[in-house]
Amino acid sequence: MHQRDCGRISAKCVLVAVPDVADAPKRSKVFTKRWGKSPWNIDFHPEPRSLPGEVDCAIIGGGFTGLAAAAWLRHLSPEKRVAVFEAEHIGAGASGNTGGLALAETSAGDLPGLGDVLGGFSETLGELGVDCDLDLRGAWEIGRRGGKKDSPISWSDSGTLRVVAEVPGGTVDPGKLVSQLARAANRLGVQIHEGVPVEEIAFQRPLRLRLGAHEIRAENGLIATNAMSLELSGLAGRAEPKFTLALATEPLTPAQLEVIGLGAGKPFYTVDLPYLWGRLLPNGGVIFGAGLVDVENWRELAAIDVDSGRAAELVARLERRVRGLDPVLKSVGFAHCWGGPILIAEDWSPVFARHGQSDRVIVLGAYAGQGVALSVYLGRWAAEAMLGLRQLPNWG
């Protein structure tokens, strides 16, 4: 039997923190997390540069949301001084550790005024010149009841899983999406700073952001830290951070993929419990994801180790589930296992609103595991709202 390789990471990235605007970078910080090794590669990181003293728009968080918003701001208003401040490295949180399913709507469904998420996502990527292997051939909803008679999937998992419906959706390469959004933002003149956590915001006019001993003044801000820095975003106690897990099999042959019903290459997710989602990789491997690790405080996320404790138990359970789905998978090996944070707010709706302490700051996140397309789509919307071109939705 093949043994899994969770790819324990050491010294994941060396990041530069800039102590003063007038100084060149003088110190570095090494961020080490034991979240496993995903199949994705983030191949762009900005050159270290001095921190600014003042910007028009400050973006806190270097994931899909923050990078998309920053790039779109400069795309629409090249004269605006826009900077992204990322505590670790771009894509360090949910964006670089997602499975890459691009789905329509939100985890709470089609909210009032939401519009065409996938269409807007595709259009935004095209306008910014982002190539992330976008494939929108559709997605399968699978379930243990109401399955189609001609379902290509017939898996044993607390009942028989079959295709229930085909819905709009598809996949992206998350590593390429992060990298290409950052490249686009950088090309458009956005300052991207890694390794510089924003510790505090004084909600004045202008806003005053504190990063260590340095202070940055900003006219407008976007907090896009999702499951992290919940006190900063005002979401502490209002949304629940979780840690979700995934693994990727070793490559399967085309014949094996046909047998298990994935020859069409469409991603899938269950519409009932126990939850299971997945997708095909270009090399023939299959990603399967399930399981949530509960935390009392978002700060506990950084200490999670996929090789120990509750996370390791859930990974082992997921391995057993995958091997039991079909005889073809009985002895399959696993090339990757990893996890990442998600944030779940009330009624599973995303948070997209003005900060409680300032109408000059927008808070955007809590995609509840359905944020790949939505984060870019709403990041663009947030940029337009910061420029006074569009109103925010009223989602409660």
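Reply: In this predicted model, Trp155 stands opposite Leu161 in β8. The two residues belong to the pairing of strand β7 (residues 154–156) with β8, which is antiparallel and runs over 3 bridges. β7 and β8 form a hairpin with 3 residues between them, and Ser158 in the turn has a positive phi of about 55 degrees.

β8 (residues 160–167) also pairs with strand β6 (residues 139–143), again in the antiparallel sense, over 5 bridges. Within that pairing, Ile142 faces Val163 of β8 as its opposite residue.

These strands belong to an open sheet of 8 strands with mixed pairing, in the order β7-β8-β6-β15-β16-β17-β14-β18. Its edge strands, β7 and β18 (334–345), each pair on one side only. On average, neighbouring strands of the sheet are turned by 30 degrees against each other, direction ignored. Helix α6 (residues 309–325) packs on the sheet and touches β7, β14 (239–249), β17 (286–294) and β18. The direction of α6 makes about 145 degrees with that of β17.

Further along the sheet order, strand β15 (residues 268–270) pairs with β16 in the antiparallel sense over 2 bridges. Tyr269 has Trp277 in β16 as its bridge partner. The hairpin formed by β15 and β16 has 6 residues between the strands. β16 in turn pairs with β17, antiparallel and over 4 bridges, and here Leu280 stands opposite Val286 in β17. The hairpin of β16 and β17 has 5 residues between the strands, and in it Gly284 takes a positive phi near 95 degrees.

In a regular strand the side chains alternate between the two faces of the sheet. Strand β16 (residues 277–280) is covered on both faces: Trp277 and Arg279 are buried on one side, and Gly278 and Leu280 are buried on the other.

The buried residues of α2 are Val117, Leu118, Gly120, Phe121, Thr124, Leu125 and Leu128. Because they cover an arc of only 165 degrees around the axis, they lie on the same side of α2. An α-helix has 3.6 residues a turn, so residues three or four places apart point the same way. The cover over the buried residues of α2 includes α1 (64–76), β5 (101–103), β9 (169–171), α3 (174–187) and α7 (372–386).

The geometry of α2 (residues 117–128) can also be checked along its length. At 1.5 Å a residue, its 12 residues should span 16 Å, and the end C-alpha atoms are 16 Å apart, which agrees. At the N-terminal end, Asp116 caps α2, with a side-chain oxygen 3.5 Å from the backbone nitrogen of Leu118. After α2 comes Gly129, which has a positive phi, near 70 degrees.

Finally, a loop residue may be considered. Thr225 lies in the loop between β13 (214–223) and α4 (230–233). Its relative accessible area is 16%, so Thr225 is buried. The side chain of Thr225 reaches the backbone oxygen of Met228 at 3.0 Å. Apart from its neighbours within four places in sequence, Thr225 is in contact with Ile60, Gly61 and Ser233.

Definitions and conventions
Residues are numbered from 1 along each chain as its sequence is written. This is a predicted model: local features need pLDDT of at least 70, side-chain atom pairs count only at pLDDT 80 or more; totals for chains, interfaces and linings use all residues. Side-chain values use heavy atoms; hydrogens and water are left out. Buried means under 20% relative accessible area, exposed over 50%, partly exposed in between (1.4 Å probe, protein chains only). A polar contact is a pair of N or O atoms within 3.5 Å; within protein, one must be able to donate a hydrogen and the other to accept it, and residues adjacent in sequence count only if both atoms are side-chain atoms. Contact means heavy atoms within 4.5 Å. Two strands pair if DSSP finds at least two bridges between them. The expected span of a helix is 1.5 Å times one less than its number of residues. The arc is that of the directions from the helix axis to the C-beta atoms. Axes are lines fitted to C-alpha atoms, for helices over the stretch in contact, and angles run from 0 to 180 degrees between N-to-C directions.
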